[in-house]
Amino acid sequence: MDYLAKLNAEQRKAVEFGAGPLLVLAGAGSGKTRVLTHRIAHLIHHYGVDPSEIFAVTFTNKAAAEMRHRVHGLLQGDSGKLAREVWVSTFHSSCMRILRTEIHHLNYLNQFTIYDDSDQL
């Protein structure tokens, strides 16, 4: 698994951690995003996890775009199909996606607008 070769010992330990949740506590610039994206690739390639069942969430659009880019790079041998199936998003856009998909259970239409503070004024 050549994607593991670029990881240091602690990163590799986290990426290869068995099934189940894993908490990664590390400072800025220590490779947390690298660990997360490589773990996604490892779950898919080593454990056979369906990419559509992976949910990676972060705070900013920039961070989500970077994670998507890295996942795509790690899974590019799969012509990008697997990478597109992994759900990498921000908390806000994830919640909106869930609302748009499931709001019909509350008898609402899925065509709605979410206002920010300036829109409200």
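Biologist: How many helices and strands does the secondary structure of the protein come to?

Modeller: The secondary structure comes to six helices and two strands. Helices (H or I, at least four residues) and strands (E, at least two) are DSSP runs, numbered from the N terminus. Read from the N terminus on, the elements run α-α-β-α-α-β-α-α. This is a predicted model, in which local features need pLDDT of at least 70 and side-chain atom pairs count only at pLDDT 80 or more, while totals for chains, interfaces and linings use all residues. Residues are numbered from 1 along each chain as its sequence is written, and side-chain values use heavy atoms, with hydrogens and water left out.

Biologist: What does the C-alpha trace span along its principal axes?

Modeller: About 50 × 30 × 25 Å. Of the 121 residues, 26% count as buried. Buried means under 20% relative accessible area, exposed over 50%, and partly exposed in between (1.4 Å probe, protein chains only).

Biologist: How do you know that the span of helix α3 agrees with its number of residues?

Modeller: The expected span is 1.5 Å times one less than the number of residues. Helix α3 (residues 61-74) has 14 residues and should therefore span 20 Å; its end C-alpha atoms are 20 Å apart, which agrees.

Biologist: Which residues of α3 are buried, and why are they said to line one face of the helix?

Modeller: The buried ones are Ala64, Met67 and Val71. Seen down the axis of α3, they fall within an arc of 65°, so they line one face. The arc is that of the directions from the helix axis to the C-beta atoms. In general, an α-helix has 3.6 residues a turn, so residues three or four places apart point the same way. On the other side of α3, Asn61, Lys62 and His69 are exposed.

Biologist: What makes a nonpolar core, and which residues have the most contacts inside the largest one?

Modeller: A nonpolar core is a set of buried Ala, Val, Leu, Ile, Met, Phe, Trp, Tyr and Cys residues joined through side-chain atoms within 4.5 Å. The largest has 19 residues, and those with the most contacts inside it are Ile40, Ile44, Ile54, Val71, Leu75 and Val86. Two or more residues each come from α1, α2, α3 and α4 (81-85). The largest share, five residues, comes from α2.

Biologist: What is Ile40 in contact with, leaving aside neighbours within four places in sequence?

Modeller: Ile40 is in contact with Ile54, Ala56, Val71 and Val86. Contact means heavy atoms within 4.5 Å.

Biologist: How many aromatic pairs does the structure hold?

Modeller: Two. Rings of Phe, Tyr and Trp (its six-membered ring) pair if their centres lie within 6.5 Å; planes under 30 degrees apart count as stacked, over 60 as edge-to-face and the rest as tilted. Phe55 and Trp87 are 4.8 Å centre to centre with 65° between the planes, so this pair is edge-to-face. Phe55 lies in strand β1 (residues 55-58) and Trp87 in strand β2 (residues 87-90), so the pair ties together parts that are 32 residues apart in sequence.

Biologist: Why is the pair of Phe59 and Phe91 called tilted?

Modeller: The ring centres of Phe59 and Phe91 are 4.9 Å apart and the planes are at 45°, so the pair is tilted. Phe59 is in the loop between β1 and α3, and Phe91 is in helix α5 (residues 91-102), 32 residues apart.

Biologist: Are Phe59 and Phe91 buried, partly exposed or exposed, and why?

Modeller: Phe59 has a relative accessible area of 69%, so Phe59 is exposed. Phe91 is at 38%, so Phe91 counts as partly exposed.

Biologist: What makes a charge sit over a ring?

Modeller: NZ of Lys or CZ of Arg must be within 6 Å of the ring centre and within 35 degrees of the ring normal. Arg97 lies over the face of Trp87, at 3.9 Å from the ring centre. The charged end of Arg100 sits over the ring of Phe112, 4.2 Å from its centre.

Biologist: Where is Arg100 found, and what does Arg100 touch beyond four places in sequence?

Modeller: Arg100 is found in helix α5 and touches Asn110, Gln111 and Phe112. At 29% relative accessibility, Arg100 counts as partly exposed.

Biologist: What is the phi of Asn107?

Modeller: Asn107 has a positive phi of about 65° although it is not a glycine. Most residues other than glycine have a negative phi. Asn107 lies in the loop between α5 and α6 (117-120). With a relative accessible area of 73%, Asn107 is exposed.
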